[in-house]
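Q: Let us go through this model by question and answer. Start with the surface, then turn to local features.

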Amino acid sequence: MKEKLVLVGNGMAGVRTLEELLKINPDAYDITVFGAEPYGNYNRIMLSPMLTGETNLDEIMLNTREWYADNNITLHTGKKVVKIDRKNRIVYADDGTETVYDRLLLATGSKPFILPVPGHDLEGVIGFRDVNDVEMMLDAAKKYKHAVVIGGGLLGLEAANGLQKNGMKVRVVHLSETLMDRQLDSESGKMLQRELEARGVEFLMGASTKELVGRKRVKAITFQDGREISADLVVMAVGIKPDIELAESAGIYCNRGIVVNDTMQSYDPKIYAVGECVQHRNQTYGLVAPLFEMAKVCANHLAKLGYGRYEGSVTSTKLKVTGIDLFSAGDFNGDDDCERIVYRDPSQNIYKKVVLKDNRIQGAVLYGNTMDGPWYFQLMREGTDVSAFRDSLMFGQGHLGDSGHDNNSVMNMSDDAEVCGCNGVTKGDIVKAITTEGLFTLDEVKAHTKASASCGGCSGLVEQILASTVGSDFSHPEVKPLCGCTDHSHDQVREAIRSEVYTSVDEVYKKLDWRNENGCPTCRPAVNYYLISTWPEQAHDDSQSRFVNERVHANIQKDRTYTVVPRMWGGVTTPDELRAIADAADKYEVPMVKLTGGQRIDLVGLQKEQLPNIWKDLNAAGMVSGHAYGKALRTVKTCIGSQYCRFGTQDSVEMGIALEKLSWASWTPHKFKMAVSGCPRNCAEATIKDFGVVAVDSGYELHIGGNGGIKVRVTDLLARVETDGEVLEYAGAFMQLYREEARYLERTAPWIERVGLNYVKERIVEDTENRIELNERFLLSQKIAQKDPWAELTKDEHRLEFVPMKRFDDQPNAQTSEDKVAVNA
């Protein structure tokens, strides 16, 4: 018999918990939901657009009554739970409804804080928390003229904007001299005030309310300094307070909110709580993003998996007033030990401030151009050392040459502007999906629209659209799960593999409670890579967990043919190798022979069944796989260097060959490219490679983290060395550090941006012993990895893998039905 789960509070936090629970274990409970409002679960984030007339209740409904019925959930709307009998585990509603529970989830939310001044209970004095408040404001706008919003915070300004658009004369009363003083510094607050004043909103700053005047309905407001203004409608937006009345009446321990632990349990282990009613580690939250993080953890424990923990949230703010670009996160003022970098462009109404401590971002305020808000937020959350790019920090992520970013506000883009080139997704497609489907995370947008689901180059732009559309409630999780099969992140999975010595994909799935016992196309390649890069001698390399290119060791093309690229060490070949390639192209009627940018030759258009034979012929000429298909070392590009070039300072060709001989066949988180230039003229383009070597008179400069693809990035200088041996040691150590610590499908450029150049230098340049150990681990893995896959797959036991399947009756010696009868007779 199923246990009974009762949810009190039919809002976004509670219902998201149910959604997460149904994903994990849909049959765990008989579920009953009580909601005080007469609706299903709607998107409270869209109350502001509802006030301005941009949307309506039907369009912001997240979970209709049909959803509850489809998931066998009993829904009681318009019923407020007024009593909890903890001893007998029964909840009582105000209409007399009684329901027994085995587990109780409280998601009672919060109440608007109403200033306890005379007249606060007059008609026309309301908060701004639900659909009823919006309807009352819309009704007042039809009948009255003067509206006053008390509170110049995020919610108050949204209310003021909506009322002003409905034709009311709006004044905002704020106790502080700075609007949104919890999110903005004084300068950005003044910019916001000027912009809203230009729209017709009036402000009374530094004003303290004394009394609301009126007999039955409010008519005016008086202030402590003696001023008085007309008011037909007063919206209290001075803050919220957790709704803990029910919990307190049941004897559940509360402080400012219902006190919970990291599993979202209250002091009664049968009672959980999530959302704005909660106090966790002395913090309460009023934004949706943290509430959804709580929901995921709570669902995990209700499903009795028991490994999720909520450790608090770092939040950011995006103002949801059309046309205003504003972003803030963290400690944007800082203390005496902090440094502040400020960028101002008054003519463009742009202001940026980043607060640093020990070269790590503590907080940021952006006004006018918020394109890089999510990037600053990520750097802050991950504690990235920004010293390597501090000089260009205020110019944003654009200094990486990210083709997914530009200097224009995303909300000024037209709806038909293409955001995701890989999948043909426009800005309008994304905004429509966000608003109609109630999306809050990048993963949800990917799932619904495919935007950023392919190469990922537009992820930053999609996040900007998401943040601009849903504002401060954009959910940027503290720990991003590896995939939908697990709540564990890439780093957590890798650490578990390392600490628990897991050596197979199935073992990881079993020990870490994977929801899908067979995994998915996202997690299987990642987990397999983490296993073989952590335990090269013990782990089993599961070929079925690799992408098709790596399974067949050739690049599949859109017409289902394949390309074959033999390795040319350092971009050098011989007449014999060229003859062998030409002979193979003739023999197998290769449709195209193409020179690549990596100084190799590409044989394009081969059928799958031809692969083993052409590999065998190329092997006979002394050539091996170029791994042009793999998350591995691809090429080492070289110039002719000092052997022939009059400008060359070192032998770049020999160095390139040595590097390629060292590192070929090494599996890495993503493709890895090298280059060696024989002089600072850099003809081999070493400064846009993952590892680049530039020869100088005194030896070599070693560069790391370059990229010449979608996100063009110039390398960072790692070190200067004198000898060939040092180049090889640093290369091996850097590749191994990248192999061991970068996340699967993370190129070296974003990895270095994430962990910081100083971190890499500390591990490789400054710590000699660690560099030697890293290089030794790399050499050990190479002893195992450096086997030519082409030679292996041409063996008889593998040839059937490349034989196309045919219908039985296509075979020349196939028996007819009459033949079979005769044989059986």
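Q: About how much accessible surface does the protein chain have, and what share of that surface belongs to carbon and sulfur atoms?
A: This is a predicted model. The accessible surface of the chain comes to about 36,300 Å². The share belonging to carbon and sulfur atoms is 47%.

Q: What percentage of the residues in the protein chain is buried?
A: Buried here means under 20% relative accessible area. The chain has 825 residues. Of these, the buried part is 57%.

Q: Where on helix α13 do the buried residues lie?
A: Helix α13 spans residues 490–500, and H490, V493, R494, A496 and I497 are buried in it. Seen down the axis, these residues fall within an arc of 160°, so they line one face of the helix. An α-helix has 3.6 residues a turn, so residues three or four places apart point the same way. The place asked for is one face of α13.

Q: Is E701 buried or exposed?
A: E701 lies in strand β37, residues 699–704. The cut-off for buried is under 20% relative accessible area. E701 has 18%, so it is buried.

Q: With which side chain does the side chain of E701 make a polar contact?
A: Beyond four places in sequence, E701 is in contact with residues including V693, L717 and A719. The polar contact is at 3.4 Å, and the partner is the side chain of R720.

Note on methods: Residues numbered from 1 in each chain as written. Predicted model: local features only at pLDDT ≥ 70, side-chain atom pairs only at ≥ 80, totals over all residues. Heavy atoms only, no water. Buried < 20%, exposed > 50% of the residue type's maximum accessible area, 1.4 Å probe, protein only. Helix = DSSP H or I, 4+ residues; strand = E, 2+ residues; numbered from the N terminus. Arc of directions from axis to C-beta. Polar contact = N/O pair within 3.5 Å; in protein donor to acceptor, adjacent residues only side chain to side chain. Contact = heavy atoms within 4.5 Å. Areas by Shrake-Rupley, 256 points an atom, 1.4 Å probe, with all protein chains shown as cover.
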